[in-house]
Amino acid sequence: MKTRMAISITLIFVIVFGVNSYIGWHGRVFLSDQLGSWFHSGLYWIVFWIVALSYLLAWVSSRVLPAGVSRLLKIIGSYWFAIMQFGILLLPLTDLAIGVFHLASVPSNTYVPILGWINVGIILIAMIRGSYNAQSPVIRRYDITVPKKAGDWEQLRIAVASDIHLGSIVGNRHLRKLVEQVNGLKPDLILLPGDVIDDDIKPFIRYNMGRTMRELQAPLGVYAVLGNHEYIGGHIPAFVEQMNQIGIRVLMDETVHIKERLYIVGRKDKASERTPDGRKALATLLEGTDLRQPIIVMDHQPYHLDKAADAGADVMLSGHTHRGQMAPNHLITRRLFELDWGYLRKGNLHAIVSSGFGTWGPPIRLGSRSEIIELTIHFKSNEREEG
């Protein structure tokens with residue numbers, strides 16, 4: 001196991017350094033053409049590798065660097081992830097164009113600046129549009145019917161926000177938008193299906209994000225579950241304590257009976273399967289529940305929809321995928337998950353996967369939007385009960 005992990009880590013580093021070297025070489029060619037004698041190759045490569053490895057530097061040196069410096073490095077590194085992806089997509093096409101120009105005997109000092117500025121322009125446009133998509137959340141509305149009684153309730157309005165990723169990149173400003181938009185919906189219940197924090201809990205505490213988050217209000221309460229990033233950070237007891245202090249209950253393989261009318265089931269994240277405690281099967285969590293009442297499940301990663309349907313769940317709320325966050329990554333998430341975004345009916349189960357409210361890495365979205373889900377559930381007893 002250790003050997004396999006060491007090989008995997010080594011392979012990742014080789015790929016990262018290879019991709020960055022490829023991007024760096026193209027940047028060097030372009031800047032040396034534009035700056036001429038002002039260009040200094042040695043200085044360029046020093047600055048380039050500091051920028052390219054800044055996210056890693058922030059992570060490795062977070063305990064010794066001042067918080068402000070570590071945060072700055074993480075922000076730079078996060079944006080660099082976006083540039084890396086754009087580079088992977090654009091530069092092979094650029095090299096193909098260079099080959100065509102070379103065969104046509106076009107001088108390099110003619111096509112290098114043209115291709116270089118085209119790439120710069122595309123990246124700038126993508127970054128601006130992607131920032132808008134990430135910073136301007138939309139409300140996605142779903143209206144479903146569950147053929148069960150929930151006491152005298154005819155319907156329930158739920159606000160859902162997954163993958164907030166609060167930390168060094170997503171902070172109080174974006175969180176304030178969440179609070180204002182969610183409270184503006186006046187929901188009966190608020191559910192947060194995982195990745196509330198980005199991983200490290202220290203920025204959440206340092207910038208007093210709990211004070212802002214405490215303002216989320218709903219008559220039936222606010223409930224959350226753990227995502228994979230809470231497990232990456234490894235500060236789960238501290239995170240749960242922070243949530244308890246602001247009145248948000250984190251359900252860890254727990255079932256809550258709301259007003260004796262319906263059940264909220266909160267699962268530990270799939271990442272917990274690698275921990276000594278593991279996580280319980282959904283069927284186990286539903287033991288002792290009245291399956292005649294509505295059952296809403298929060299499970300951060302949208303796996304095993306069929307098992308949720310077979311266990312008797314009526315609604316399953318997930319996130320995790322970000323819908324790829326930046327196109328064309330959605331083509332990958334679409335293949336990894338039966339449902340990577342949106343709505344799917346699976347037997348009697350209504351499955352909904354959100355693209356998330358926050359972002360991981362660059363605060364940029366292309367082909368996806370930051371979103372809040374407004375879910376309205378109508379309760380209607382089935383024909384057998386009515387008869």
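## Terms and model

Ala, Val, Leu, Ile, Met, Phe, Trp, Tyr, Cys and Pro are counted here as nonpolar, Asp, Glu, Lys and Arg as charged, and the others, including Gly, as polar. The model is predicted.

## The second largest pocket

By that division, the lining of the second largest pocket holds 22 nonpolar residues, six polar ones and no charged ones. The volume of this pocket is about 700 Å³. Its lining has 28 residues, of which Ile23, His26, Gly27, Phe30 and Val120 are the closest to the centre.

Four helices each give at least two residues to the lining of the second largest pocket: H1 (2-35), H2 (41-52), H4 (67-103) and H5 (108-135). H5 provides the largest share, with nine residues.

## The six-stranded sheet

Six strands form an open sheet in the order S1-S12-S2-S3-S4-S5, and their pairing is mixed. The edges are taken by S1 (138-146) and S5 (248-250); each has a single partner strand, so one side of each lacks a neighbour in the sheet. On average, neighbouring strands of this sheet are turned by 25 degrees against each other, with direction ignored.

Strands S2 (residues 155-160) and S12 (residues 371-379) run antiparallel and are joined by six bridges. In one of the pairings, glutamine 155 has histidine 378 of S12 as its bridge partner.

## A helix on the sheet

Helix H6 (residues 172-185) packs on the sheet and touches S1, S2, S3 (189-193) and S12. The direction of H6 makes about 20 degrees with that of S12.

How values were computed. Residues numbered from 1 in each chain as written. Predicted model: local features only at pLDDT ≥ 70, side-chain atom pairs only at ≥ 80, totals over all residues. Heavy atoms only, no water. Pairing = 2+ DSSP bridges. Axes fitted to C-alpha atoms, helices over the stretch in contact; angles between N-to-C directions. Contact = heavy atoms within 4.5 Å. 1 Å grid on protein atoms, 1.4 Å probe; cavity = no way out; pocket = protein on both sides within 12 Å on 5 of 7 lines; lining within 4 Å. Points joined across faces, edges and corners; volume = space filled by probe spheres on them.
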